[in-house]
Amino acid sequence: MQIPSPVMFVLEALRTAGYEAYAVGGCVRDFALSREPKDWDVATSAKPDDIQKIFSKSFYENKFGTVTVLKDSMEIQVTTYRIDNRYSDKRHPDSVKYTSDLKEDLTRRDFTMNAMALDAVSAGDTEGDFKSRQQHRGTLLKPSSVSPRIIDPFNGQQDLRDKLIRAVGDPKERFGEDALRLMRAARFAAQLDFLIEENTLRALKELAPTIKFVSHERIRDELVKIIMSVRAGKGIDLLRETGLLAVFLPEVMEGYGVGQNKHHIYDVYEHNMRALQYAAEQGFNLETRLASLFHDVAKPRVKVGDGPNSTFYNHDLVGAKMTRQIMQRMKFSLSEIEKTSLLVRYHLFYYNVDEVTPSSVRRLIKNVGLENMDDLINVRFADRIGSGVPKAEPYKLRHFRYMVDKVSKDPISVKMLKINGDDVMKILGIPPGPKVGILLQALFSEVLDDPSKNEENELKKRTMELDKFSASELSEMIRKAEERVKTLEDEEKRQYRV
Ligand code: ATP
Ligand code: MG
C-alpha cells in the first residue's frame with residue numbers, strides 16, 4: 001500500500017514550513033489493514049490561517065479548524081490539532097480548542113483503531129530529530145525511500161490484530177460526548193467484521209437510547225454504510241442486540257419474535273434480516289438491499305390469527321407505505337424512497353412458468369418501470385433465500401426474466417401509444433378534459449393485453465367505438481382488465497397466506 005503522492009506533498013509542505021504533520025484517523029486504520037482508505041486526513045500543528053498560506057488551492061469552510069487542500073484533483077482535509085471540549089447536545093463540541101500536541105488530538109478520537117497517526121515522511125524520527133530537521137529543512141528524506149511509522153498511543157494496532165473495536169478511554173464518557181459514536185461502533189463492526197470489546201459493548205447498550213439526540217441524516221449515513229457492507233444483515237442484528245434499532249427503526253423491531261405461518265421457519269424480523277444479508281452478499285444496490293430489509297416489515301401489523309395458518313394479507317401495500325414513512329423520516333432522497341417502496345409494493349409479483357402471461361408482465365412493468373425489473377427480481381431472490389426454506393425455483397425467476405426481456409419492446413406506457421391526446425380530440429371533436437385522458441387509458445389497457453392493437457388506424461377506429469361509453473364505464477373496463485390479470489396472483493397470495 002502506497003501513500004498517495006498528493007498526501008505526501010501536503011505532509012512535506014507543512015513540515016518544510018516548520019510544522020508537524022501526520023496522516024491520521026481512518027486512513028491510518030485502513031492503511032494498517034491494507035485496505036484502500038476512502039479519504040486521507042492530515043492533522044497538523046499549523047493553524048488554519050497558516051495552512052491556507054502554505055497551500056494556494058485550499059479553502060476553509062468550518063469552525064472546527066479544517067482546511068480542505070486541493071492537490072491533483074484530490075481533496076485532503078487538513079485539520080489543526082485540537083481538543084474537543086464539552087458536548088452539551090451530544091452531537092457537536094460546544095467549542096474547539098487547538099493544541100500543539102498530537103497525542104491530545106488522538107485522544108479525542110472515538111476508537112483505538114481510529115486514534116493512530118502515520119509518520120509518513122520521517123521513518124524512525126524522534127522528537128529531537130524533528131527539531132533538528134526544522135533547522136535543516138533542505139535535508140528532508142525523499143518519501144519513496146522511507147517506510148512509514150505508526151504512532152499508536154492506545155494500542156490500536158493490537159486491537160486491529162484482535163479484530164476489536166475499543167473506545168479510547170472511558171467508553172461511557174466517549175459515547176456520552178457524541179452519540180453518533182454508538183452507530184459508528186456498529187458500522188465498523190459490520191464493515192470490518194470485528195467484535196466490539198466488552199466494556200465498550202456494555203456502554204453502547206447502556207447508552208443506546210441516547211441515539212435519539214443524533215440527527216436523522218447522521219444516523220442515515222451510518223445506516224447506509226452498514227447496509228452497503230458485506231455483513232449488512234449481521235450489522236442490523238448488532239443494532240438490534242445493542243438496542244439502537246428499536247430507537248430509530250422501531251418498525252423493523254416490530255417483527256422480532258413475530259412468528260409466521262407454515263411457509264416460514266424464521267420470525268418476521270429474522271427473515272427480513274436474512275433477506276438483506278443475501279442481498280448484501282450478492283452486491284445488490286442500496287434500494288434493493290433496503291427493499292429486502294423492508295419487504296415484510298408490515299407483517300406484524302396485518303397479521304391475522306396465529307400459528308401455521310396465520311395470514312398477512314396486504315402486507316405488500318402496507319409495507320410500501322411504511323417503507324415510505326421510514327425513509328422520509330430518515331431523510332433519504334426522493335428517488336431512493338420511490339424506488340424502494342415500489343420494490344416493496346410489488347415484491348409478491350406472480351411468476352409461475354406456465355401461468356404468467358405476457359399481459360400480466362407488461363402490466364407489472366408499467367407499474368414498476370422496466371429499469372427496476374432486475375432489482376425487483378433480485379428482491380424476490382432475497383425473499384426466497386431469506387426464508388430459510390427456498391423452494392427450488394430459480395428457474396422460475398430466470399424464466400420470468402426472459403419474459404420481461406421478451407415484452408420489453410412492447411408498449412408499457414400511455415406515451416408509447418401510436419396516437420395521443422390531440423388525435424383523440426381531433427377524431428371526436430372534443431375539447432381538452434378528463435374524457436381524453438380516460439379514453440387514452442382505455443386504449444392503453446387494450447394494448448397492454450394485445451400489443452398488435454397499437455397501430456394508428458386501428459386505434460383511431462377504436463377511439464370512435466369507445467366514445468359511446470361514459471367515463472365511469474371506461475374506468476370500469478380498465479379495472480376489469482386489471483382484475484383478470486390479478487386473479488392468478490391473488491390465488492397464489494391466498495395459497496401462501498400473504
Ligand atoms: P470512513 O472509512 O468511513 O471514512 P473514518 O473513521 O475515516 O471512516 P471519518 O468520518 O472519515 O471516519 O473520520 C475520520 C476520523 O475522525 C476517524 O477515524 C476518527 O479518528 C475521527 N472521528 C470521526 N468521527 C468521529 C466522532 N464522531 N467522534 C470521534 N472521532 C471521530
Ligand atoms: Mg475517513
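Student: Where is Glu197 found?

Tutor: This is a predicted model. In it, Glu197 belongs to the loop between strand 11 (195–196) and helix 9 (198–207).

Student: Does Glu197 count as buried or exposed, and why?

Tutor: A residue counts as buried under 20% relative accessible area. Glu197 has a relative accessibility of 11%, and therefore counts as buried.

Student: Which residues is Glu197 in contact with, leaving aside its neighbours within four places in sequence?

Tutor: With those neighbours left out, the contacts of Glu197 are Leu164, Ile165 and Arg166.

Student: How should I read a sheet, and what is the order of the seven strands in the open sheet?

Tutor: In general, strands of a sheet are joined by backbone hydrogen bonds, in a parallel or an antiparallel sense. Here the order of the open sheet is 3-4-5-2-1-8-9, and the pairing is mixed. Strand 3 (58–60) and strand 9 (149–151) are the edge strands, each pairing on one side only. On average, neighbouring strands of this sheet are turned by 30° against each other, direction ignored.

Student: In which sense do strand 1 and strand 2 pair?

Tutor: Strand 1 (residues 21–24) pairs with strand 2 (residues 41–44) in the antiparallel sense, over four bridges. Within this pair, Val24 stands opposite Asp41 of strand 2.

Student: Which strands does helix 1 lie across?

Tutor: Helix 1 (residues 5–16) lies across strands 1, 2, 4 (66–71), 5 (74–80) and 8 (117–119), and runs at about 35° to strand 5.

Student: Which domains does the domain assignment give?

Tutor: The assignment gives domain 1 (5–154), domain 2 (163–248), domain 3 (282–407) and domain 4 (415–496). The centres of domain 2 and domain 4, taken over C-alpha atoms, are separated by 53 Å.

Terms used. Residues are numbered from 1 along each chain as its sequence is written. Chains are lettered from A and ligands numbered from 1 in the order in which they are written. This is a predicted model: local features need pLDDT of at least 70, side-chain atom pairs count only at pLDDT 80 or more; totals for chains, interfaces and linings use all residues. Side-chain values use heavy atoms; hydrogens and water are left out. Two strands pair if DSSP finds at least two bridges between them. Helices (H or I, at least four residues) and strands (E, at least two) are DSSP runs, numbered from the N terminus. Axes are lines fitted to C-alpha atoms, for helices over the stretch in contact, and angles run from 0 to 180 degrees between N-to-C directions. Contact means heavy atoms within 4.5 Å. Domain bounds come from an automatic or database domain assignment. Buried means under 20% relative accessible area, exposed over 50%, partly exposed in between (1.4 Å probe, protein chains only).
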